Each structure stands twice: as structure tokens, then as C-alpha cells.
Amino acid sequence: MIRLAVVSGKGGTGKTMMAAALADISAVPQVLVDCDVDAANLELLFKPRRLTTEEFRGLEAARIDPERCRDCGICADHCRFGAIVRRDDAWTVDLLHCEDCGVCAYVCPMGAVRLEPRVCGEISTSATGRGNLAHARLFPGSGNSGLLVTEVKKRAMNLAGDADLLLADGPPGIGCPLIATVSGMDAVLIVTEPGVSALHDLGRLVTVCRRFGVRIFVAINRFDLAEDICERIEDYCGKEGLTVVGKIPFDPGVIEAVRNGRPVTRRDSPAAGALRTLRDTLFAELGLR
Ligand code: SF4
Ligand code: SF4
């Protein structure tokens, strides 16, 4: 099985549009995974049937036992994040600010503070018309999205069966969720667009991806909006030995598809045609038929 992640240096480049299009027009048995757990959108585009949902517990959070608390305020004095607050005449932990450092439990003379695992989100598996999908949702204010990405990838592997392709919609940027996504992949498709900052982001993303020994392919979205910068991106890719597998034109049909919550490849349009060509080139490179 080939494991492929679609990633981008920043949000708004058309990464999810491209991942959904590839999933939609791929002719090989596949399993899908949405690793963009802070803004998971594949589910919205494929409107799948939910199979399972389970809680995701991330790091621990502090909790004060009111029966033991003697109201001394030592924990609040030592919490550097201002997470221990006074509510209803008692000390309590504001989970939005708690950074799970454990200092309050350490300093409390009454042993009234315990660190307990907290539910940070949920992980689901669903059946789409284009293969099974593992996806997740991180609750607002919860951290640890890298760990959640790792967990959702495990669910996808469990669903993979005889699939020839594991296709991941990755997170934007180069942080912990991206690293969790790229780890263990065979290849990444980096989606970029013709802009000076996008070129800079592309360079940073390539540097990170190279550390994982994955094959790197590049797609340039809306390439015709600034053809001079598009040429600079292609020059950069040439110097770095990266294959540009496709250039997608600006196309109002993409905006219409996103508005209607469907993959752009469901209707004929210039972008849909370019995406089919991209799929052929990329899948040939990956040995997928
Ligand atoms: S340090 Fe312990 S006893 Fe003192 S206010 Fe905090 S929880 Fe209560
Ligand atoms: S665990 Fe750390 S951040 Fe959270 S309430 Fe205790 S001292 Fe504050």
C-alpha cells in the first residue's frame, strides 16, 4: 500500500480541495484519513455514513477536590498560567488556561489536586462512497493535535484492509500535526500557489518533509494568477529535484464546488480536467494503476 499525504505550507492553498478531488477520481482501492484535526473537512465533502465514534483523551488536567481543599490559595499563587481561579467562593481550575504542568498538585499541602485525563476530542470512522474514512475533531481550547493525528492514522490503518492507497488530507503548516502526519508516509503532495510567501512556505515544508525520507511532489494551484512567480516555483522545484505533477488553473467552478460542499471533480471544469491529469501523473510516479 502507498501512503500519500496532501499537505501545504499554510491554509487556504486548496489542499483539501485537492485531497478530496484525488479521493474522488482515484480508481484504486483506498482508505482516507483526515489528519487536519483542527479543521477536518473531508467529512463535509463526502457526507459519509458514521461507523464508530470514540472519545480522545489527551494530556491530563488538574482538578481540585473541594472536600480536601482548605482554601489556602497556594496553588493559585504558584500557577504561572493563571488557571486557578475563584468561582462560587472556591478555588477551581479553568481548563482553557491549564497547561497540565502539575505544579499545583506538587505544592498543595492537602493533596487536594489531582491530574486526570481529559477528553480533548473524538475520533470517528465512516464509510464514504470512495472508501472508508478515519477522521477526528479536536474540541476548542484543547491541545495535543499531533497525538490526535497519530491516533486517527492508526484507525485508518485498521480500516485499510486490501487498499492500495492510504490518502491523507494533512494539516497546514510545519508544526506538530504536520510532523505526525508525514511520519510513516511514503510520499507527500505539497500544494502551493504562486505567491512570494507561498514559495517561502514551500521551502520550509520541503526541509521538514525531507527529514522523513518521503518522496516529495508539488502541485501549483491557481498557477495562472501570477505566472512569473509560478515560474520561480518551478525553477525552485527543478533545482531541488522535485517533480511538479500538476498545475491547476484559477476556476470559479472550484469556488462553486466548495460552496456546495462537493469535490470539484463531480463536474467538468478546467480545474477538474487539470486535476485528472495531475492524478495520472502522480499515480504513475507512485506505481498506482
Ligand atoms: S493549594 Fe490545595 S488546599 Fe490550598 S487552595 Fe489549592 S487546592 Fe486548596
Ligand atoms: S496543572 Fe499547571 S497550569 Fe494547570 S492549574 Fe495546575 S499549575 Fe496551573
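1. Two residues are in contact if their C-beta atoms, placed from the backbone, lie within 7 Å. Helices (H or I, at least four residues) and strands (E, at least two) are DSSP runs, numbered from the N terminus. The model is predicted: local features need pLDDT of at least 70 and side-chain atom pairs pLDDT 80 or more, while totals for chains, interfaces and linings use all residues. Residue numbers run from 1 along each chain as its sequence is written, with chains lettered from A and ligands numbered from 1 in the order in which they are written.

2. Domains. The protein chain is divided into domain 1 (2-48 + 129-286) and domain 2 (58-119); such bounds come from an automatic or database domain assignment. Between the C-alpha centres of domain 1 and domain 2 there are 41 Å.

3. Helix α7. This helix spans residues 196-210, 15 residues in total, and reaches 22 Å from its first C-alpha to its last, close to the expected 21 Å. The expected span is 1.5 Å times one less than the number of residues.

4. Burial along α7. Buried here are A198, D201, L202, L205 and C209; they lie on the same side of α7 because they cover an arc of only 110° around the axis. The arc is that of the directions from the helix axis to the C-beta atoms. On the other side of α7, V196, H200, G203, T207 and R210 are exposed. A residue is buried if 20 or more other C-beta atoms lie within 10 Å of its own, exposed if 12 or fewer, and partly exposed in between, with C-beta atoms placed from the backbone. The cover over the buried residues of α7 includes β1 (2-8), α6 (176-182), β9 (187-192), β10 (215-221) and α8 (227-240).

5. Positive phi. D88, not a glycine, has a positive phi of about 50°. D88 sits in the loop between β4 (84-87) and β5 (90-93) and is exposed, with 6 other C-beta atoms within 10 Å. R222, also not a glycine, has a positive phi of about 50°. R222 belongs to the loop between β10 and α8 and counts as buried, with 20 C-beta neighbours inside 10 Å.

6. Ligand 1. Around ligand 1 there are 13 residues, the closest being C69, C72, C75, C108 and A112. A residue is near a molecule if its C-beta atom, placed from the backbone, lies within 6 Å of it. The shell around ligand 1 has 10 nonpolar, one polar and two charged residues. Nonpolar covers Ala, Val, Leu, Ile, Met, Phe, Trp, Tyr, Cys and Pro, charged covers Asp, Glu, Lys and Arg, and the others, Gly among them, are polar.

7. Ligand 2. Ligand 2 is surrounded by 13 residues, with C79, A83, C98, C101 and C104 the closest.
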